[in-house]
Amino acid sequence: MANDDIHEPADSAGHAEKRKAPSTKRKAARQKGSGIKISRETAQPLYLQIKNSIVERIKAGEWPPHHQFPTYKELSKEIGVSIVTIQQSVGVLVKEGILYNKRGVGVFVSPPQAQPQGKIIALLLSDVRHPFFSSLAHIIQTYAAKSKYTMLIFSLCDNHEDSLHAAQLLPPHMLAGIITTHSLAERLPEHFSEMLKAAGAVVFIDGYSSEYDCIETDNHLGIEMAMNHLVELGHRRIAFAAGQLLGRAGHERIAAFQSLLAEKGLPFDPPLLQRSVYKDDLAGETAAHMLLSLRDVPTAIICVSDLVARGVIRVARERGIKCPDELSVVGFDDLDFAQHLEPPLTTVRQPVVEIGQGAVDMLLERINSIAPYNKKCRILQLTPELVVRASTAPPFSKSSKSAVKRPR
């Protein structure tokens, strides 16, 4: 199918018919240009950039049904790519039913009823192996299936090649929407943003955005619940184990910790806030070694996550420090293992079911145009819950010879 080598259909006498001159409307369209844009600075293949740009313009109504395309030669000259690249882009779109080829005439935009309707929701996460994200993915997939949508789950691990592969596997016309994290969108390259724009309906499950809807746990409130609990028990020297911070949630929890210390008139020394280049358990172990080596050790540690808290408790046990008699520990998330730790972990429970179902509901409202996009996108913060177990107790009294018995 070469749009530049169209042979004129012959009449019954075998003579070629004269081709009609292009209409004034088409001449104007050619002068205006296709508006297709590409970037040679991204790793995304040129043919895929052109394909996605064409779909975007069709979705935006700039190219109505039966709109005739410029020739391959015209597009090649305008965009600055080879005719073969244009053929590859258009060929894929014809195969997918977005465009159709009228033999001897040219390529046109298919009418809406002829185009396949997207019934795929993509869930893009940094690491689906993380217990919180794996639980969330299961909830989203189950809930989306009830509305007859198929879920594709991508674990990108902050890998640019993985994100590029995801973009190639997600044809815009089949994609109903995307659920992802704002922090992931910030860390990945330009083509990730282009993929979000092509999808149209997007919901973030953390952080804020001026472009897309967001649903998340109220992180400040969660840390406030943990802090109030420890202060009520009598703790004054409270530390924070942060670990490696890649997402906005972690930064919000640190900011809440620092502001609440000042608000409650509690002392703060920089060593009491431990960040790490490591993640999860290893981050907790590293933080615990630092905090428990201080001359004036903290009596309680709030952790950015349950995984970090597990690492803290492990190191405390190795050092012969009894939890909670000599050290109280609070986590964040309430993952499945939290209640089975020794001791069972006091933690801030994220409403993971409500986050998952809420993200799907918000996405479907956009897809079904119940909530059309405007300059101010929706932000929904959900209330966490403090789950008190056996890892917290009143602080150890140094003046006593033995730990005071405390209620579990």
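The crossing of helices H2 and H4 is right-handed, a label used when the near helix is turned clockwise from the far one by less than a right angle, with anticlockwise making it left-handed. Helices here are DSSP runs of H or I with at least four residues, strands are runs of E with at least two, and both are numbered from the N terminus. H2 covers residues 46-59 and H4 covers residues 83-96; their axes come within 8 Å and cross at roughly 50 degrees. That angle makes H2 oblique to H4. On the scale used, angles under 35 degrees are roughly parallel, over 145 roughly antiparallel, 65 to 115 roughly perpendicular, and the rest oblique. The axes are lines fitted to C-alpha atoms, for helices over the stretch in contact, with angles running from 0 to 180 degrees between N-to-C directions.

So who touches whom? On the H2 side the contact is made by Leu46, Tyr47, Ile50, Lys51, Ile54 and Val55, and on the H4 side by Thr85, Ile86, Gln88, Ser89, Val92, Leu93 and Glu96. Contact here means heavy atoms within 4.5 Å. Sorted by class, that gives eight nonpolar, three polar and two charged residues. Ala, Val, Leu, Ile, Met, Phe, Trp, Tyr, Cys and Pro count as nonpolar, Asp, Glu, Lys and Arg as charged, and the others, Gly among them, as polar.

A word on what you're looking at: this is a predicted model, in which local features need pLDDT of at least 70 and side-chain atom pairs count only at pLDDT 80 or more, while totals for chains, interfaces and linings use all residues. Residues are numbered from 1 along each chain as its sequence is written, and side-chain values use heavy atoms, with hydrogens and water left out.

Strand S1 (residues 99-102) and strand S2 (residues 106-109) pair in the antiparallel sense over four bridges; two strands pair if DSSP finds at least two bridges between them. Leucine 99 has valine 109 in S2 as its bridge partner. Three residues sit between the two strands, and in this hairpin glycine 104 takes a positive phi near 80 degrees.

Next comes an open sheet of six strands with parallel pairing, in the order S4-S3-S5-S6-S7-S13. Strand S4 (150-155) and S13 are the edge strands, each with a single partner, so one side of each has no neighbour in the sheet. From one strand to the next, the twist averages 20 degrees. S4 pairs with strand S3 (residues 120-125) in the parallel sense over six bridges, and leucine 124 stands opposite phenylalanine 154 in S4.

Two helices, H5 (residues 131-145) and H13, have axes that come within 9 Å and cross at roughly 45 degrees. H5 and H13 are therefore oblique to each other, and the crossing is right-handed. In H5, Phe132, Ser135, Leu136, Ile139, Ile140, Tyr143 and Ala144 meet Val352, Val353, Ile355, Gly356, Gln357, Val360 and Asp361 in H13. The class count for this contact is 10 nonpolar, three polar and one charged.

What about charge pairs? The structure holds 13 salt bridges, where a side-chain nitrogen of Lys or Arg lies within 4 Å of a carboxyl oxygen of Asp or Glu. One of them joins the side chains of arginine 378 and aspartate 213, at 2.7 Å from N to O. Arginine 378 lies in the loop between helix H13 (352-367) and strand S13 (379-382), and aspartate 213 in strand S7 (residues 213-217), so the pair ties together parts that are 165 residues apart in sequence.

There is another open sheet of six strands, with mixed pairing and the order S9-S8-S10-S11-S12-S14. Its edges are strand S9 (273-275) and strand S14 (385-387), each with a single partner strand, so one side of each is left without a neighbour. S9 pairs with strand S8 (residues 238-243) in the parallel sense over three bridges, and glycine 243 stands opposite arginine 275 in S9. Helix H10 (residues 248-263) lies across S8, S9, strand S10 (300-303) and strand S11 (328-333), running at about 165 degrees to S8.
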